[in-house]
Amino acid sequence: MKMTEMYGNLDEMMSRWKVDERVQDYIRRCVAFHTFPAAGLLIGTFMADLALEKLGAKPGDKLYAVSETPKCAPDPLQVLLGATTGNHRLRVINTGRYAITLNRFSEGTTADGIRVYLDKEKVRKYPTLHLWYTNDPGYKGGVSANDLIEEIFCAGRNILSWEPVKVKFTPKEKWVSKVCPSCGEMVPEKTMEGGVCRGCGSQAYYEKAG
């Protein structure tokens, strides 16, 4: 499907289910970034919008975020909040749960935050979404994709729950550098393991080609 056709279909669905115009704009921006309207991305966009409201914040505020999954949910946090792993305002902690948390800056080791999660009991009301969420063999992927997206737009926030939380984090620590004796590259000393850097040890992900 061409990108223009995809956006046209999404606009039609969002209009049919009376998705708030603000959220429609969020969804268009997130889909453009992600390159396709994945179910998790759409849900993640509704989650970010709800978390912003409950935190009393808006896109453009300096916020910190946690995604409890690496799948789709981090992208709305990057697009809408400007929170990235590079600017240290986004953490991805793979708990296996579909949830995000937002908080403002804090000088201490905790910060008041809002956690939003996909509520399994609320999801039961939406048959295709429930099959997708539970990874049921009955979900047919591409065949059911339109039904899935329709149900997500129909549901909106109604499949989400939220709770106030205290977000724990470790203040920035000073560190010293050290040269890895294996690769000869500079790394923080605290990342050394077994006398070599992680890139030469437990996190080695390549072999030299030549």
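# Close-up views of a predicted model

**View 1. Strand β1 at the largest pocket.** β1 gives the most to the lining of the largest pocket, with 3 residues. A strand here is a DSSP run of E with at least two residues, and a helix is a run of H or I with at least four; both are numbered from the N terminus. β1 (63-67), β2 (90-92) and β3 each supply at least two lining residues. This is a predicted model, in which local features need pLDDT of at least 70, side-chain atom pairs count only at pLDDT 80 or more, and totals for chains, interfaces and linings use all residues. Residues are numbered from 1 along each chain as its sequence is written, and side-chain values use heavy atoms, leaving out hydrogens and water.

**View 2. The space inside the largest pocket.** The largest pocket holds about 820 Å³ of space. Its lining has 24 residues, and H88, F169, T170, P171 and K172 are the closest to the centre. A pocket is an open set of points on a 1 Å grid over the protein atoms alone, where a 1.4 Å probe fits, with protein on both sides within 12 Å along at least five of seven lines; lining residues have an atom within 4 Å of a point. Its volume is the space filled by probe spheres set on the points, which are joined across faces, edges and corners. The lining divides into 10 nonpolar, 6 polar and 8 charged residues. Nonpolar covers Ala, Val, Leu, Ile, Met, Phe, Trp, Tyr, Cys and Pro; charged covers Asp, Glu, Lys and Arg; the others, Gly among them, are polar.

**View 3. The second largest pocket.** About 340 Å³ of space lies here. Of its 15 lining residues, T69, K71, Y98, W132 and Y133 are the closest to the centre. Helices α3 (39-55) and α6 (127-133) each supply at least two lining residues. By type, the lining splits into 7 nonpolar, 6 polar and 2 charged residues.

**View 4. N103 in strand β3.** N103 sits in β3, which spans residues 99-104. Is N103 buried or exposed? N103 counts as buried because its relative accessibility is 4%; the cut-off for buried is under 20% relative accessible area, exposed is over 50%, and partly exposed lies in between (1.4 Å probe, protein chains only). Leaving out residues up to four places away in sequence, N103 touches L55, L63, Y64, A111, D112, G113 and V167. Such a contact means heavy atoms within 4.5 Å.

View 5. β3 and β4 (residues 110-118) run antiparallel and are joined by 5 bridges. Two strands pair if DSSP finds at least two bridges between them. This hairpin has 5 residues between β3 and β4. L102 stands opposite I114 in β4. β4 also pairs with β5 (residues 160-168), in the antiparallel sense, over 9 bridges. There, T110 stands opposite K168 in β5.

**View 6. N9 in helix α1.** Helix α1 (residues 3-16) is the place of N9. N9 has a relative accessible area of 33%, so this residue is partly exposed.

View 7. The chain has 7 helices and 7 strands. Buried residues make up 41% of its 210 residues. Among contacts with a separation of 6 or more, 62% join residues 24 or more positions apart.
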